[in-house]
Amino acid sequence: MDPDTIVAVATPPGPGGIGVVRISGAKADVVLGRLAPEAPLPEPRRASLRAICDPESGELLDRALVTRFPGPASFTGEDVVEISTHGGALVPRLVEDAARRAGARWAEPGEFSRRAWLNGKLDLAQVEALKAVIEARSPAAHRVAIHQLDGALSRRIAGLREALIGLEATLAHHIDFPEEDDAPIPVAEIGRRGRGLAGELAALLEVAPEGMLLRDGAVVVLAGAPNAGKSSLFNALAGEARAIVTPEPGTTRDALEVALSIRGFPFRLVDTAGVRAGAQGVEREGIEVARRALAGARCVLLCVPVGEDAGPEVEGFVEGLEVPVLRVRTKADRVAGDGSARDRAGATGRSGDGGADRIEALTVSAETGQGLGELRDRLAELAFGGLLGDGAPDPSGVVMQERQRRGIGAAAREVEAFARALDEGVPPEAASAHLGEAATALEGVVGVIDPEEVLDRLFASFCIGK
Amino acid sequence: MELRYDVVVVGGGHAGVEAAAAAARVGVRTCLISPDLDRLGQMSCNPAIGGIAKGVVAREVDALGGVMGRATDASRIHFRMLNRSKGPAVWGPRAQCDRGLYPRAVRRILDEHASLDLVQDLVTGLELAGSRASGVRTRSGLRVRARAVVVTTGTFLRGRIHVGTHDTIPAGRAGEAPSLELATVLEEAGVELGRFKTGTPPRIDGRSVDYARVEVQPGEEGDFRFSALAWEDIPRQVPCWMTWTDERLVDVVGENLHRSALHGGALAGRGPRYCPSIEDKIVRFPDADGHKVFLEPEGLRSRELYVNGLSTSLPPEVQVAFLQTIPGLEEARVTRFGYAIEYDYAPPEQLRHTLELRALEGLWLAGQINGTTGYEEAAGQGVVAGANAALAVRGEGTFEPGRDEAYLGVMIDDLVTRGVDEPYRLFTSRAEFRLLLRQDNAVERLSGRAAELGLLTAGQVEQLEARARAREGLEEWLGGATLPAADANALLEAVGEAPVDQGVRAGELLARPAVDVEGLLAAAGASNDPRAAVPPEAKDQGWGAPWGVGHVVATERKYAGYVEMERKRAQALRRRSAVRLAEELPYGEFVTLSTEARQKLAAVRPGNLAQAGRIPGVTPADLQNLLLEVRRYEGHEKRPGSGEPAAR
Ligand SMILES: Cc1cc2nc3c(=O)[nH]c(=O)nc-3n(C[C@H](O)[C@H](O)[C@H](O)COP(=O)(O)OP(=O)(O)OC[C@H]3O[C@@H](n4cnc5c(N)ncnc54)[C@H](O)[C@@H]3O)c2cc1C
């Protein structure tokens, strides 16, 4: 039995130039034949114009460009047909539905990638990167994702895998071949190689937090007293009137969220209810919602109008937070003079670290746009600093998926434990239990490490044969 | 003439000897047929048993009541514990044996088996009853009917020896005829055959060596024993020697490469990378300054030396020429020339984990015929095949040691689930649980099961029980006894460990890397000696000796945390192993698996999920999907009244 032939619209809904309907499976050509019965099947990999008709009524649905990619040289490794229809919400859906009635079934989410993976067309890291391309919220995220799709992350991980195999081969030589021509490799040398590998794993992880943020967007929470100008700032940053802005205290009761791109990086801006003493009922609930929103934040913007104090309620609200609190002097348009002057005294750093890590406050005006540019820079720097500047890592090295991060993290810990154990005088054959764990941890990211590969490496590197 | 047995074993090499002995010990009527009964357990190549991983297998064979450990003890003339400078988990006992004494000991031990008959003959035919093997025919016209046939013909199937590029002789090994008819008969019975090659170095006359120019390598003193459950007398010990080749050898070999059978293209089969000829070494590592050469005595009364490290298939005159470039061997006289041999083997994916052929019931294969190399590997398979053949005759289940139980388990699982593309040898790196599979604890890992299967004699079972009691006594003492600080520190200082401030538990002291059982017991003083509390025969158990039970306890304490890590991983593997995969699963229909995985699974038909995971080409994702597919398939199969059964 062959797997089902599947169909789905491959482009996001909404107005756009074209919509692509993709069909994959052994019956892809059969389905196409039923949708375009008048003309012969187009040549492989050549876009050809075809009239797409309803398989039952014969009614014309669209004139579309059709391209056939016979397997295995296709995205999924199976026979694939791509139909580029006119855009909009309706036409692609009609064609998709027609294909379904012509013998395909609707694809489950991610099923195309999954088939590509099963047929060895993509490795696991590439599949996840592909998902990230589709979901990419900003140019930066897209760039990283594209690099990974190229297999850059895969290559980097493959390099680590090679290093792990090399380390195991060294160990195998040490243990299995004590009487050979080459003197046994000193334990210190094995330890040194272990440290090297642990270092590389750690480097890959170092930018992992940014990588995760790239996928999910960095959450920035606006907090402050009612009417402190949060919603105006929110709208100014979002560039669209999202929150209702009124002078009456307590207007924003639920947290409002908007996904946006700042300096090319993905952010999720969250506006919250104003914090004040004696709030009742719905307003109290709003403050609770705000408190919960802080938990997932990468950064908090504490809004205090120029010339006012935050007040004890608001200070208490942000006290003890783990995340950076960036103090923003709002409504700068209301005061005369040098509105962009920095208000050093009013800045709070990470609470509780005695000001050692104080972050300067910024003065902004939602009205005039003053200070907003600088605020955007600061947000990008704060959340994605690891990816900016000269020493920034190749975006392909950014570990994006939680699963990858966990695997690499566990592997890094185990390899480090291996090196440490050797330093402590634990014999290598015992310490190697850590390498076993590391290999298992990386298995989910890079696939299985086969003892044969270790032996291949060993025999290639050492003259064995007493 | 017609004879009837339960089990007939074809071939009296290391595999055949163990298979016959194991079947006979289980208690079925067994017959061993081999062309020369004076050469049972003959060492075709280097007369040495053991080494790293291989030495552990020799101990495992012994723990299963086998012949190899005892025969080695009775014939060893030089012993070293390889890796002694490393932790005890990777120690590898290795013994140089007397080429004449070893087969004699084997014969003596086999003769102890009441239900084993030996017949000198060459097997030329296979009797079939339908799709079952039912016996063999021999060159002298004997028909031997049996319910189980175990074939262990080593390098003899269509064996062909090469010396240089012109000289090729059909032979099973030097001076012995090959087995031609049997190869054809097996093929006709549907057994697939492939071709491998291997080689052996020249032997020289020890009187022609200048001993002043070579380095002496004394063996270890002390009575290491391969056999923990039966006692043999160990012969007198002699040294080995070592020397190095230099660039003059490179020149001689390099100029004559085209005259090598291995390099001149005369040989088709694949050879082992870890056992390269000197031709290979020079081609692959041209920059090496020199290669080690070990001179190993072939026996107490023999003057011949085995030249370890110089396996070759160059013509005789070149062998002499390159030998004479080596310091100490300038005047060397060759007694036997090195040669390469090619032979047929049966790709082991055709086997079940019991070593029975999938396609031909009643026929088991063991030893080099399964694509392995080495005496220990052969012997290990012999025990497993012989035991399973006997169990099958009795209808008593199977014996399939796991990867976390024995190197034997690792080896057989590798062979059956992955196949081989070069002659297979064991290394510690093939085992995922190196710390669990040690030479010291082979008895603890395997002998209990061996006793259940009937593989141990009454005497061996007694030893086993004594050993268990000794262990219990020791563990109890370690947990309870406390040494005063002064006594403890005297010991700690002597072995170079940091002192303690106050009295300390004996068990904690033993966890220190440099503290051994003997030292600990001595420091504790006689009144505190657990040996007083256990039966006297246990005192002979060697205690702190590397083969003794005290060593097992000490090693486990020293590695405690790490052994635990491996145990946990072994349990995870066990859980996967517990997911049985039925033989008839329709892998072709499991569409969520990759095409490659479907093909590989259908070819190998693994017995459980863990085995499936080790098949190259089956990914972790395939495994997950396989689990779901199997559940779905089984649910469908079991649903009452679900109409026609799923397609097979
Ligand atoms: C030249 C050479 C070099 C080797 N080099 C190495 C090495 O470097 N390292 C290493 O580890 N191992 C080496 N070996 C391998 C080692 O000798 C074998 O792995 C081991 O002996 C295999 O044991 P076995 O029982 O499977 O077969 P064998 O020991 O070969 O025994 C086979 C037995 O079957 C008998 N027999 C054959 N045909 C029949 C028949 N038709 N009927 C009845 N009996 C039959 C034979 O007479 C023999 O007794 C070498 C072997 C050879 C020949």
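**View 1. Residues around the ligand in this predicted model.** Of the 35 residues around the ligand (a heavy atom within 4 Å), those that come nearest are B:Ala15, B:Val123, B:Ser179, B:Gln368 and B:Gly374. Local features need pLDDT of at least 70 and side-chain atom pairs pLDDT 80 or more, while totals for chains, interfaces and linings use all residues; side-chain values use heavy atoms, without hydrogens and water. Residues are numbered from 1 along each chain as its sequence is written, and chains are lettered from A and ligands numbered from 1 in the order written.

**View 2. Polar contacts of the ligand (pairs of N or O atoms within 3.5 Å).** A side-chain N or O atom of B:Ser34 is 3.4 Å from an oxygen atom of the ligand. For B:Ser44, a polar side-chain atom lies 3.2 Å from a ligand oxygen atom. B:Gly199 has a backbone N or O atom 3.3 Å from a nitrogen atom of the ligand.

**View 3. Helices α2 (residues 54-63) and α9 (residues 375-394) of chain B.** Their axes come within 9 Å and cross at roughly 30°. That makes α2(B) roughly parallel to α9(B) (an angle under 35 degrees). The contact (heavy atoms within 4.5 Å) joins B:Lys54, B:Val57, B:Ala58 and B:Val61 of α2(B) to B:Glu376, B:Glu377, B:Ala379, B:Gly380 and B:Val383 of α9(B).

**View 4. Helices α3 (residues 68-75) and α4 (residues 101-111) of chain B.** These two helices pack at an angle of about 135°, with axes 8 Å apart.

Technical notes:
Axes fitted to C-alpha atoms, helices over the stretch in contact; angles between N-to-C directions. Helix = DSSP H or I, 4+ residues; strand = E, 2+ residues; numbered from the N terminus. Polar contact = N/O pair within 3.5 Å; in protein donor to acceptor, adjacent residues only side chain to side chain. Parallel < 35°, antiparallel > 145°, perpendicular 65-115°, else oblique.
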